[in-house]
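Keep the viewer open and click along as you read.

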Amino acid sequence: EEVVFEAVMRWVRSDKEDKVKSLGEVFDYIRFRLMPEKYIKDHVEKDDIVKSNPELLKKVQTIKDAFAGKLPEPAKGGDKGAKKGESAEDVVNGDVGDEDHLLDEHAMSRNVIQEARE
């Protein structure tokens with residue numbers, strides 16, 4: 001997953017002004033829970049683009065909290081980040097039961113990696 005993160009960041013840097021707008025959404029497809037905590041601290045947190053984006057900083061904090069065993073508090077009226085039938089833990093861990101979502105995730109990852117190579 002470290003390679004995926006690095007490919008995404010190269011992809012963003014190739015056209016930062018335009019692609020940084022999509023980074024929040026693309027960031028959700030990176031399986032940070034599979035990365036060593038040290039990598040997140042040494043590379044993800046210290047990335048200039050991540051540091052300059054409050055939305056991404058919030059996501060990184062959620063990842064760090066998950067490593068520490070903390071789950072996000074559900075929002076009033078249910079967990080807005082969870083789909084029907086998912087718990088907050090499923091959202092943090094990236095667990096999905098929807099195969100179409102997996103296909104979309106794979107296609108997006110493939111496109112980002114391909115563009116990063118160009």
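**The overall layout**

First off, bear in mind that this is a predicted model. The chain has eight helices and zero strands, so if you read the elements off from the N terminus you get α-α-α-α-α-α-α-α, going by DSSP runs. Of the 118 residues in the chain, 30% are buried. As for contacts with a separation of 6 or more, 60% of them are between residues 24 or more positions apart.

**Where H1 meets H4**

Now zoom in on helix H1, residues 2–14, and helix H4, residues 37–44. Their axes sit 12 Å apart, and the two helices pack at an angle of about 15 degrees. Why call H1 and H4 roughly parallel? Angles under 35 degrees count as roughly parallel, and the angle here is about 15 degrees, so H1 and H4 get that label. The crossing of these two helices is right-handed.

Which residues do the meeting? On the H1 side you'll find Glu 2, Phe 5 and Glu 6, and on the H4 side Tyr 39, His 43 and Val 44.

**The aromatic rings**

There are four aromatic pairs in the structure. Two of them are worth a click, starting with Phe 5 and Tyr 39, an edge-to-face pair. Their ring centres are 6.3 Å apart, with 85 degrees between the planes. Since Phe 5 lies in helix H1 and Tyr 39 in helix H4, the pair ties together parts that are 34 residues apart in sequence.

The other one is Phe 27 with Phe 32, whose ring centres are 4.8 Å apart. Their planes are at 45 degrees, so this pair counts as tilted. Phe 5, Phe 27, Phe 32 and Tyr 39 form one aromatic cluster.

| Residue | Relative accessible area | Class |
|---|---|---|
| Phe 5 | 3% | buried |
| Tyr 39 | 11% | buried |
| Phe 27 | 2% | buried |
| Phe 32 | 5% | buried |

The cut-off behind that class is simple: buried means under 20% relative accessible area.

**Two residues to look up**

Val 26 belongs to helix H3, which covers residues 23–27. At 6% relative accessibility, Val 26 is another residue that counts as buried.

Glu 45 is placed in the loop between H4 and helix H5 (48–51). Leave aside its neighbours within four places in sequence, and Glu 45 is in contact with Ile 40, Lys 51, Val 60 and Lys 64. Leu 57 is twelve residues away from Glu 45 in sequence, and their C-alpha atoms are 7.7 Å apart in space.

Notes:
Residues numbered from 1 in each chain as written. Predicted model: local features only at pLDDT ≥ 70, side-chain atom pairs only at ≥ 80, totals over all residues. Heavy atoms only, no water. Axes fitted to C-alpha atoms, helices over the stretch in contact; angles between N-to-C directions. Helix = DSSP H or I, 4+ residues; strand = E, 2+ residues; numbered from the N terminus. Parallel < 35°, antiparallel > 145°, perpendicular 65-115°, else oblique. Left-handed = near helix turned anticlockwise from the far one by under 90°. Contact = heavy atoms within 4.5 Å. Phe/Tyr/Trp six-rings, centres within 6.5 Å; stacked < 30°, edge-to-face > 60°. Buried < 20%, exposed > 50% of the residue type's maximum accessible area, 1.4 Å probe, protein only.
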